[in-house]
Structure formats: C-alpha cells, structure tokens
Amino acid sequence: MIIQSVDRALDILSLFSYARPRWGITDIALAMNLPKGTIHNIVSTLDSGGFLKQDEETRKYCLGSKLFSLGTIMGGTLEINQKASGPAHSLAERTGLVCRVAIWDDDAALLTMEVTPQDYNALAQRIGPRVAAYCSALGKSLLAYLTGSEIEAYLDRTELIPFTPKTISRRDLLLEELERTRTRGYAVNNEEIALGRASLATTIFGSNRRIAGTISQSGHVNRILGSEMDSIIGTLKATAAEISMALGYYPATPDQRMGSLKKKRMRR
C-alpha cells in the first residue's frame with residue numbers, strides 16, 4: 001500500500017536536479033499541482049529531518065545533508081563499488097583516463113563511482129549521476145544485454161533526443177549499434193553526449209550470469225578512438241573481467257557452451 005504523504009515527499013525530492021537545485025514552496029506547489037499549505041507541511045517535515053535545507057535569504061530549498069550522508073553510505077556499501085574500487089583506480093592511474101562505474105537503474109546508467117587520475121590535465125566533463133542509456137557507452141553496454149522485449153519496452157518509453165549531431169537518435173540504428181556492442185564486447189560513445197568527448201565501456205557480470213554493471217574510460221575523442229583504442233579496450237576488458245570474477249562470475253567453459261547450444265537446437 002502506498003502512503004500518500006510519503007509518496008508526495010519522494011516526488012518533491014525528485015524535483016531537485018543539476019539544472020534546478022533550488023525550489024520555493026510556490027514553485028513546488030505549481031509543479032505538483034497541490035495546495036501551498038500541503039506542500040509547506042511536507043517540505044517543513046523534510047527540512048526538520050535534514051533531507052531539505054532552506055536558504056535564509058532566498059527562502060528557497062535545496063537538498064539537505066542527510067541525503068548526502070545516505071548517498072555516501074549507499075555508494076560505499078554497494079557490492080560492485082567494493083569490488084571495483086581497486087581495479088578502477090589502478091586502471092585510471094595506468095591509462096591516465098577517467099574511469100566510471102555504473103549500474104542499470106530506471107532506464108538509465110546510474111553512476112556509482114568516478115575515478116580521475118592524479119595527473120589528469122584535461123578538465124573532466126561532469127556527467128550524471130544518471131546518464132541517458134541510448135547515447136552513452138555506459139548505457140549502451142548495459143542496454144545491449146537486456147532481453148529483446150526489455151529493449152523494445154525501453155525504446156517505447158524513451159524519446160531519443162539528440163544531444164549532438166552525432167547522437168544516434170533513430171531506433172533502427174540504435175538497435176544495430178547494440179547488436180555490434182554485443183558482438184565485439186564493448187560499447188562506444190563517439191561524441192554523442194558532448195562534442196570532442198568519447199568513451200568506451202564494457203559490461204560487468206555477476207555470479208548469476210546477469211548484468212551487474214558496466215565500466216568505462218573517457219577522454220578526448222582523438223585519444224579514445226585513435227591509435228590507442230585497441231590498447232584501451234584491452235585493458236578495459238581485462239579490468240571488467242577482474243571485477244566480474246570478484247563478484248563470482250566465471251565465463252562458461254567450452255563444454256558448457258556446447259551444452260547450451262544443443263539445448264537451443266533441441267527446443268527448435
């Protein structure tokens with residue numbers, strides 16, 4: 001059973017974003033189509049609990065420190081972060097590239113870890129915490145391993161808005177790109193979110209042989225997709241395999257693969 005007041009409180013918290021980090025009572029009431037009195041009571045409760053904080057000068061609210069504390073706890077106790085931390089930091093320092101880890105959540109790639117090498121000279125573009133799946137390497141490496149019906153349902157729910165002229169915004173072309181991602185074992189973002197920036201990502205699997213998450217390396221397009229591309233892909237795949245094994249995943253043996261193929265043929 002959904003408790004209405006709690007549901008409304010969650011909707012209020014969900015309004016806050018990078019694009020709009022501060023909201024007033026009137027703004028929230030208009031956005032939710034609810035009386036100001038109702039919004040004031042819920043917001044006051046969230047404020048007293050540390051989930052929101054009011055600016056004394058503007059009287060508007062921003063997210064509170066309690067949410068930061070909970071987010072830090074979530075990130076620190078997430079199994080994929082615990083297993084990926086060492087390998088991801090090692091990869092970033094070895095390559096000099098930004099390394100990101102993400103999981104699939106609510107039709108997007110949710111960033112759970114970002115590692116910037118100490119000597120990284122270029123300004124890393126801030127993305128996330130949620131990244132559009134259809135135009136990011138992180139997202140495509142997750143999308144590619146969903147079932148056919150899950151991918152179709154995602155596409156039915158999602159408007160493929162182009163971020164740049166290079167964004168794949170046609171359904172048929174995206175499906176072809178996801179097929180290529182599965183075949184080659186890695187996903188590519190070629191300036192689809194920001195011009196001049198590119199990334200490569202490969203999938204992390206868990207003990208149940210299902211998707212656990214994904215890991216990427218990002219940087220200037222000339223480096224990511226230039227002469228170093230094969231080397232970057234090799235180290236990225238090796239790191240993903242290391243994390244997957246730490247999560248209890250082991251690739252199928254040749255005998256297991258043959259057994260699976262025989263079963264599929266028998267079903268036909």
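1. Tyr 145, Phe 205 and Tyr 249 form one aromatic cluster in this predicted model. Rings of Phe, Tyr and Trp (its six-membered ring) are paired if their centres lie within 6.5 Å; planes under 30 degrees apart are stacked, over 60 edge-to-face, and the rest tilted. Four aromatic pairs turn up in a search of the whole structure.

2. One of these pairs joins Trp 104 and Tyr 154 edge-to-face, at 5.9 Å centre to centre and 65 degrees between the planes. Trp 104 belongs to strand S3 (residues 98-105) and Tyr 154 to helix H7 (residues 148-157), so the pair ties together parts that are 50 residues apart in sequence. Tyr 154 counts as buried, at 1% relative accessibility, whereas Trp 104 counts as partly exposed at 27%. Here buried means under 20% relative accessible area, exposed over 50%, and partly exposed in between (1.4 Å probe, protein chains only).

3. A word on how to read the model: residues are numbered from 1 along each chain as its sequence is written, and side-chain values use heavy atoms, leaving out hydrogens and water. Because the model is predicted, local features need pLDDT of at least 70 and side-chain atom pairs count only at pLDDT 80 or more, while totals for chains, interfaces and linings use all residues.

4. For an overview, the chain has 11 helices and eight strands; these are DSSP runs (helices H or I, at least four residues; strands E, at least two), numbered from the N terminus. Of the 268 residues in the chain, 41% are buried. Among contacts with a separation of 6 or more, 58% are between residues 24 or more positions apart, where contact means heavy atoms within 4.5 Å.

5. Axes are lines fitted to C-alpha atoms, for helices over the stretch in contact, and angles run from 0 to 180 degrees between N-to-C directions. Arg 8, Asp 11, Ile 12 and Leu 15 of H1 touch Ile 28, Ala 31 and Met 32 of H2. By class, that contact has five nonpolar, no polar and two charged residues. Ala, Val, Leu, Ile, Met, Phe, Trp, Tyr, Cys and Pro count as nonpolar, Asp, Glu, Lys and Arg as charged, and the others, Gly among them, as polar.

6. Helix H2 (residues 25-32) also meets helix H3 (residues 36-48): their axes come within 9 Å and cross at roughly 115 degrees. That makes H2 roughly perpendicular to H3. On the H2 side, Ile 25, Thr 26, Ile 28, Ala 29 and Met 32 take part, facing Lys 36, Ile 39, His 40 and Val 43 in H3. The contact of H2 with H3 has six nonpolar, two polar and one charged residues.

7. H7, the helix that holds Tyr 154, packs with helix H8 (residues 171-184) at an angle of about 145 degrees, the axes being 12 Å apart. Ile 151, Glu 152, Leu 155 and Asp 156 of H7 make the contact with Arg 171, Leu 174, Leu 175, Leu 178 and Arg 182 of H8. These residues divide into five nonpolar, no polar and four charged.

Definitions and conventions
Parallel < 35°, antiparallel > 145°, perpendicular 65-115°, else oblique.
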